[in-house]
Amino acid sequence: MSGPELAAQAIANIAPSAVIAFTAAAIFLGAGNGTIYAFGLATIVILCVGYCVVVFARKHASAGSLYTYVSKGLGPAGAYLAGATLLIGCFGIAAASLMGSVSYMSQFLTLLGVPASGLGWSIGLAIVLGGLATLFTIRGIRLSARVSLVLELLSVAIILVLLISALVWAGPGAWDPAQLLAEGSSFQGIAAGMVLGILGFVGFSSADALGREAKNPYKAIPRAIMWSALTVGILYVFAAYTQIAVLGDDLATAASPLESMSELIGMPAWFAPVLTFGVAASFFAVVVAPLNVIGRIVYVMGKEGVVHERFGRTHERHLTPHRVLLAAGALAVIVDIVFLIAGAEPMEILVWVNTWGTYGYMVAYALVAIACVVYTQRAGMRNGLVWVCATIAVATMAYVFFANVFPVPAFPFNVIPYVFIVCVLAALSRYWYLKARQPEVIARIGNTETSAMDGVG
């Protein structure tokens, strides 16, 4: 894979179009005119996490992502915990985004005159879209990355057309010094908004799972991680500024800010379905990207004996970890269908499962930051910047977790953190079993790199 294809994997996992569609409005409720600074601070924090990841990526190439990196600093126990929480994060984002794609695809079909609403349509679309995402990942990383790249570029292009058109429509009113001065905003409101901003970046480092499939991985992967995060951060700031400048206080009450903006500035009637399809495509791209990461982490675990060895084999023709991808893709569809049958709406499922998955990413990010400090200290490397970035990353992840559990949120968000903890403990039970029964497997955790995984199987 080339550098742009690696960046496509990273950007697709972030799903900036989907974030732009919702997150700016949510941050505006608390941060007000300081929304762009909330996104700016979130970008800085993510770049700090990215720098810690890049320190490892410059010296180690593996399909194991943070699971392999953390082992270099925190040993097998830290690596296993990072792998388990990252898998929770990836699966949560994939399953949640599938519901986002279902919801917007249903709206798109409805705008075209197809009555695509109701439980049957939601289940059918979940099966079709989930099946397509799984198929793309099995057929090959280049195919799935290119599909993700095309869909995300299409979606971002559609939104940029809307944003730029809105600024042109606003004329002199597009200049909004109140935002630059953060008038009426408080530090507490901006800090709270930063929490949501950080959640809009989860999955940004997913290119690090492609060490086996990248050209010149020691240079290409670090560049993909840092440049994709910076580019998306700039896009978030621009999108937030434009939405606030055009919609003003109405942004806080808009059910769909982008659609409201489109109607306000008088975009043609055909633009509404195009915009809706763009957001649906963005959500679909983010189903594909984390599935790729799941497949490669579990593949490495299979090679090391952490999970059954059959998951450490690749497809004879496509050379992808097809067994893992089939299982993960099917499970994502099943989980969503269970929620749908229980009476939940697709967008409710999106928020619930996404929140659960985000906790996994936060733990994994904190672990890789701590591991980076230990790793560089042991290696005698200059690590002043590592200490700064790791401190910012760990402190912020702790704050993000705290901000999501206190004050105690309403149901079901008050129980989601505990569901996450139960899932982590269940995953750790496998580690404790291996430590007691197969200590030789523990010794192999995190030590399988690209050179050990050539060829089929």
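Colleague: Which residues in α6 meet which ones in α9?

Modeller: Keep in mind that this is a predicted model. On the α6 side you have V156, L160, L163, I164, A166, L167 and W169, and they meet L235, F238, A239, T242 and V246 in α9.

Colleague: How many of those are nonpolar, polar or charged?

Modeller: The contact of α6 with α9 has 11 nonpolar residues, one polar and no charged ones.

Colleague: And at what angle do α6 and α9 cross?

Modeller: Roughly 40°, and their axes come within 10 Å. Here α6 covers residues 141-170 and α9 covers residues 217-247. The two helices are therefore oblique to each other, and their crossing is left-handed.

Colleague: OK, another pair. How do α3 and α13 pack?

Modeller: Helix α3, residues 35-57, packs against helix α13, residues 346-379, at an angle of about 50°, and the axes are 9 Å apart. That makes α3 oblique to α13. The crossing of α3 and α13 is left-handed.

Colleague: Which residues make that contact between α3 and α13?

Modeller: From α3 it's V49, C52, V53, V55 and F56, and from α13 it's Y365, V368, A369, A371, C372, Y375 and T376. By class, the contact of α3 with α13 comes to 11 nonpolar, one polar and no charged.

Colleague: C52 and C372 both show up there. How many disulfides are there?

Modeller: The count comes to zero. For C372, the closest cysteine sulfur is the one in C52, at 4.5 Å, which is too far for a bond; the cut-off is 2.5 Å.

Colleague: Is C372 buried or exposed?

Modeller: Buried, with a relative accessible area of 0%.

Colleague: What about C90, how far is its sulfur from the closest cysteine sulfur?

Modeller: That one is 15 Å away, in C423, so again too far for a bond. C90 counts as buried too, at 1% relative accessibility.

Colleague: Switching to loops. Where does S205 lie, and what does S205 touch?

Modeller: S205 lies in the loop between α8, residues 187-199, and α9. Leaving out residues up to four places away in sequence, S205 touches V53, L66, I225 and Y365. V53 and Y365 are also among the residues in the α3 and α13 contact. S205 counts as buried, at 4% relative accessibility.

Colleague: Where are A182 and N216 found?

Modeller: A182 is in the loop between α7, residues 177-180, and α8. N216 is in the loop between α8 and α9.

Technical notes. Residues are numbered from 1 along each chain as its sequence is written. This is a predicted model: local features need pLDDT of at least 70, side-chain atom pairs count only at pLDDT 80 or more; totals for chains, interfaces and linings use all residues. Side-chain values use heavy atoms; hydrogens and water are left out. Axes are lines fitted to C-alpha atoms, for helices over the stretch in contact, and angles run from 0 to 180 degrees between N-to-C directions. Helices (H or I, at least four residues) and strands (E, at least two) are DSSP runs, numbered from the N terminus. Angles under 35 degrees count as roughly parallel, over 145 as roughly antiparallel, 65 to 115 as roughly perpendicular and the rest as oblique. A crossing is left-handed if the near helix is turned anticlockwise from the far one by less than a right angle, and right-handed if clockwise. Contact means heavy atoms within 4.5 Å. Ala, Val, Leu, Ile, Met, Phe, Trp, Tyr, Cys and Pro count as nonpolar, Asp, Glu, Lys and Arg as charged, and the others, Gly among them, as polar. Buried means under 20% relative accessible area, exposed over 50%, partly exposed in between (1.4 Å probe, protein chains only).
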